[in-house]
Amino acid sequence: MNSGYKNRSQRLIITAFLCFLAVAITGVWMRALPWITSKIPFANLLHAHSHTAMLGWAFLMIVAGIIAQYQLNSTFLRRSLFVVIFAIVGMFAAFIYQSYGAISIGFSTLYVLSAYVILIHINKKIPATNSGNPLLKRSIIWFFISTLGIWAMGPVSSMLGKTHWLYDICIQIFLHFQINGWLFYAVLGLLLKNGEMKPKFIQLFDISLILTAFLPFYWIEQFWVFYGLNALGSMLQFLVLLVITHSIYRLPVANSMERFGQYTVILFILIKAISQCTAVVPEIAASIVSQRYLILTFLHAVLIGIVSIGLIWNMLRIKLLQIKPTFHIGFLLFFIGFMITEILLLIQGFGYYAKANLVLLLLFSCVMLLGILGMLISLIFIYSSKK
């Protein structure tokens with residue numbers, strides 16, 4: 001296999017960071033809405049922001065890592081990636097323009113189908129043995145399962161309406177298996193790619209993921225069986241995540257920035273484990289759905305603290321990212337902005353509202369934006385200088 005896979009990975013990383021920049025811009029835009037007049041509604045910005053974060057930035061970074069790990073550079077894969085990038089750009093523009101509508105649904109459908117093609121192609125390249133990275137292979141399964149929620153939304157909304165509880169369940173199924181399944185497993189698979197996780201622990205991980213999917217059912221119908229299944233899954237996942245953090249801690253690191261990424265990922269995995277265990281308390285499990293800021297804090301903890309920083313750390317480990325001063329400064333700005341906005345969201349989640357909080361959220365969202373822009377500019381110079 002020639003070295004063309006490195007160029008392919010680098011181009012994907014640049015494209016992923018452009019998506020990350022778009023996510024940050026829409027994030028700042030939403031934070032600024034209390035003080036500006038915007039012709040674009042909040043819902044449009046939110047959908048463009050969230051879809052581009054998960055389906056653009058995170059998806060492309062994961063695929064870039066897999067391409068580098070398995071040295072993939074086929075013409076079929078290149079063409080498929082062109083289609084999925086086209087769909088991502090279309091989704092972003094369509095959600096900004098109309099939120100959910102014919103155009104955005106069309107681009108979303110194109111995205112899912114082209115992602116299927118890419119992941120099926122990649123799955124064939126990953127060995128089926130236990131040494132062939134079972135976490136990555138399972139992550140692909142969870143991607144397919146998560147999209148069942150998307151396909152079900154159309155029939156459910158047409159027959160029962162968008163206000164029916166089953167429509168909300170479709171959304172929750174997609175989010176649960178997309179974030180806690182596909183994205184979380186894929187990042188762990190890229191980091192723990194040498195068989196550090198024993199098969200029995202991965203099986204327990206699978207079981208805990210399925211059981212914790214019952215929390216949304218408990219929000220709608222507070223039957224004890226839904227609470228019990230989620231509680232069992234949360235406690236089981238807590239134990240599995242402790243094993244995972246130990247495995248990540250034992251990974252070798254080459255420099256202080258890699259060590260920083262390692263400790264950050266461990267910290268937020270532990271935060272994820274502990275916060276999920278709070279839902280073991282029935283009153284908390286029932287009230288979580290109404291705590292918008294706490295849910296947002298949790299989502300950012302997973303999507304940024306684990307997924308995004310984990311993916312950046314992985315690229316450093318496999319030498320697809322280089323620690324240049326501009327990249328280092330950009331990453332630190334991004335991290336500082338992220339940590340402070342998490343604290344501010346947590347404060348609001350516990351009911352302490354103040355106008356100063358909104359100002360600080362906007363300010364440090366801008367800091368995150370500047371950090372991402374700095375990392376992107378650094379990468380463009382690094383990669384262009386090698387040609």
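Arg-317 lies in helix α12, which covers residues 292-317. Helices here are DSSP runs of H or I with at least four residues, strands are runs of E with at least two, and both are numbered from the N terminus. The model is a predicted one, in which local features need pLDDT of at least 70, side-chain atom pairs count only at pLDDT 80 or more, and totals for chains, interfaces and linings use all residues. Residues are numbered from 1 along each chain as its sequence is written, and side-chain values use heavy atoms, with hydrogens and water left out.

Is Arg-317 buried or exposed? Arg-317 counts as buried because its relative accessible area is 17%. The word buried stands for under 20% relative accessible area, exposed for over 50%, and partly exposed for what lies in between, with a 1.4 Å probe and protein chains only. Setting aside neighbours within four places in sequence, Arg-317 is in contact with Leu-190, Leu-191, Lys-193, Leu-251, Pro-252 and Glu-258. Contact means heavy atoms within 4.5 Å. Between Arg-317 and Asn-255 there are 62 residues of separation in sequence and 9.6 Å in space, C-alpha to C-alpha.

Helix α12 also holds Gly-305. Gly-305 has a relative accessibility of 0%, so it counts as buried. Not counting residues up to four places away in sequence, it touches Thr-264, Val-265, Phe-268, His-300 and Phe-338. One of these, Thr-264, is 41 residues from Gly-305 in sequence, with 6.8 Å between the C-alpha atoms.

The protein has 14 helices and 0 strands. Residues 24 or more positions apart supply 79% of the contacts with a separation of 6 or more. How does the radius of gyration fit a compact globule? For 387 residues such a globule would have a value near 21 Å, and the protein has 20 Å, which agrees. The radius is taken over C-alpha atoms, and the globule rule is 2.2 Å times the number of residues to the power 0.38. Along the principal axes, the C-alpha atoms fill a box of roughly 55 × 55 × 40 Å.

Of the 387 residues, 52% count as buried. The accessible surface comes to about 17300 Å², and 71% of it belongs to carbon and sulfur atoms. These areas come from the Shrake-Rupley method with a 1.4 Å probe, and for residues only the protein chains shown count as cover.

The interior can be followed through its nonpolar core. Such a core is a set of buried Ala, Val, Leu, Ile, Met, Phe, Trp, Tyr and Cys residues joined through side-chain atoms within 4.5 Å. The largest one has 109 residues, and those with the most contacts inside it are Ile-13, Phe-17, Phe-59, Tyr-111, Ile-244 and Ile-248. Helix α2 (residues 42-70) gives the most to this core, with 17 residues.

Ile-244 sits in helix α9, residues 224-249. It counts as buried because its relative accessible area is 1%. Apart from neighbours within four places in sequence, Ile-244 is in contact with Leu-188, Leu-192, Met-197, Phe-205 and Ile-269.

Leu-346, in helix α13 (residues 325-349), is partly exposed because its relative accessibility is 37%. Beyond neighbours within four places in sequence, Leu-346 is in contact with Leu-294 and Thr-297. Leu-294 is 52 residues from Leu-346 along the chain, and their C-alpha atoms are separated by 6.0 Å.

Most residues other than glycine have a negative phi. Gln-71, which is not a glycine, has a positive phi of about 50 degrees. Its place is in the loop between α2 and α3 (75-98), and it is partly exposed, with a relative accessible area of 31%. Ser-99, also not a glycine, has a positive phi of about 60 degrees. Ser-99 lies in the loop between α3 and α4 (102-125), and it is buried, with a relative accessible area of 11%.
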